[in-house]
Amino acid sequence: MKILIADDSRVMRQIVIRTLRQAGHGGHDIVEAENGRQALEMVQTESPDLVLSDWNMPEMNGIDCLDALRAAGSTVAFGFVTSEGSEEMRQRAATSGAAFLIAKPFTPEAFDDALRTVI
Amino acid sequence: MNVLSFFDPSAADVEAPDLDDVRSVTEDMWMALLGEGEALVTRPVPAGSPFDAAGAWSAAVTVTGGWQGVVTLELDEAIAREVTARMLAIPSVHDVHDGDVADAVGELVNMVGGSIKSLMPGPSTLSLPSVAAGRAAFASDVREVCRVDVAWHDGPVRVCVHVPGA
């Protein structure tokens, strides 16, 4: 399985990769994007099975990236990893077609629970 | 860092987050990133005291919309570097670059700010974090409504919430 991690923070991309490993999902291919626009392009070029995306990013935020993907016909599994876990954000994510929203700070268990819904 | 604010000047009586909630959000974030055994310790600091670290890093996020406020994080320089090393799994703090610290400290304030935003009336928007080496300085059109002073490995850490209104 190939996972695309989109976050403008290199620190957070590393923490997500580490947490995936701790959650028992360390064997996947990982590719990284620094913002939503790059993630949008990399879904085309890298064909990931899952996108794990931050919400708040420069250039293009995560929700605009998801909307653009769905508008283009992409059905790639998409989950948010974001500091904003309010019910309003969860509903907006679900309406746009996100499979889950993991709120920062997170645990390996939260990752495992979320990934099991798409793997 | 001069924390600029772009609030709606007509906003009045902006609600303040509960101090215990801000403390809890800060402690939870810290332990989630650094481990259960790395709790922050409460640090009694007189009201109005400037952040007293010899060297500091600071970061801020702004919330606008249903609730308006600025959330800032200030850390002792050595603590900022140690936390960054831990977050990036860098074995020695001597190998931590300023860019790494800026990234890590920005992510810390993003997490605290996002959590506080979730506790307050919405809908609202969280800004991208701004980060600087040095203490945070606030404009005169905001007032402090919440301050958490804690310590980690004897180094001071401060989280503040400011809302519009002199």
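Me: Is D100(B) buried or exposed?
Reply: D100(B) counts as buried, because its relative accessibility is 9%. Here buried means under 20% relative accessible area, exposed means over 50%, and partly exposed lies in between (1.4 Å probe, protein chains only). This is a predicted model, so local features need pLDDT of at least 70 and side-chain atom pairs count only at pLDDT 80 or more, while totals for chains, interfaces and linings use all residues. Residues are numbered from 1 along each chain as its sequence is written, chains are lettered from A and ligands numbered from 1 in the order in which they are written, and side-chain values use heavy atoms, with hydrogens and water left out.

Me: Thanks! Which residue forms a salt bridge with D100(B)?
Reply: That's R10(A), with the closest N and O atoms 2.4 Å apart. The pair crosses between chains, running from helix α1 of chain A to helix α3 (residues 98-119) of chain B. A salt bridge here is a side-chain nitrogen of Lys or Arg within 4 Å of a carboxyl oxygen of Asp or Glu. Helices (H or I, at least four residues) and strands (E, at least two) are DSSP runs, numbered from the N terminus.

Me: And R10(A), how accessible is that?
Reply: R10(A) has 35% relative accessibility, so it counts as partly exposed.

Me: How many salt bridges does the rule find across the interface?
Reply: Three, between chain A and chain B. Over all chains, the structure holds 15.

Me: What about polar contacts between the chains?
Reply: There are 11 residue pairs in polar contact, both residues at pLDDT 80 or more. That term means a pair of N or O atoms within 3.5 Å; within protein, one must be able to donate a hydrogen and the other to accept it, and residues adjacent in sequence count only if both atoms are side-chain atoms. On the side of chain A that touches chain B, α1 (10-22) and α4 (87-96) each supply at least two residues. The largest share, six residues, comes from α1(A).

Me: How much area do the two chains bury?
Reply: About 1,700 Å² between them, 52% of it on carbon and sulfur atoms. In chain A, V11(A), S83(A) and P105(A) lose the most area to chain B, together 30% of what that side buries. Buried area is the accessible area (1.4 Å probe) that two parts lose on being put together, summed over both.

Me: Switching to chain B, what does R86(B) form a salt bridge with?
Reply: With E38(B), the closest N and O atoms being 3.0 Å apart. The pair links distant parts of the chain, 48 residues apart: R86(B) is in helix α2 (residues 77-88), and E38(B) is in the loop between α1 (19-34) and β2 (41-42).
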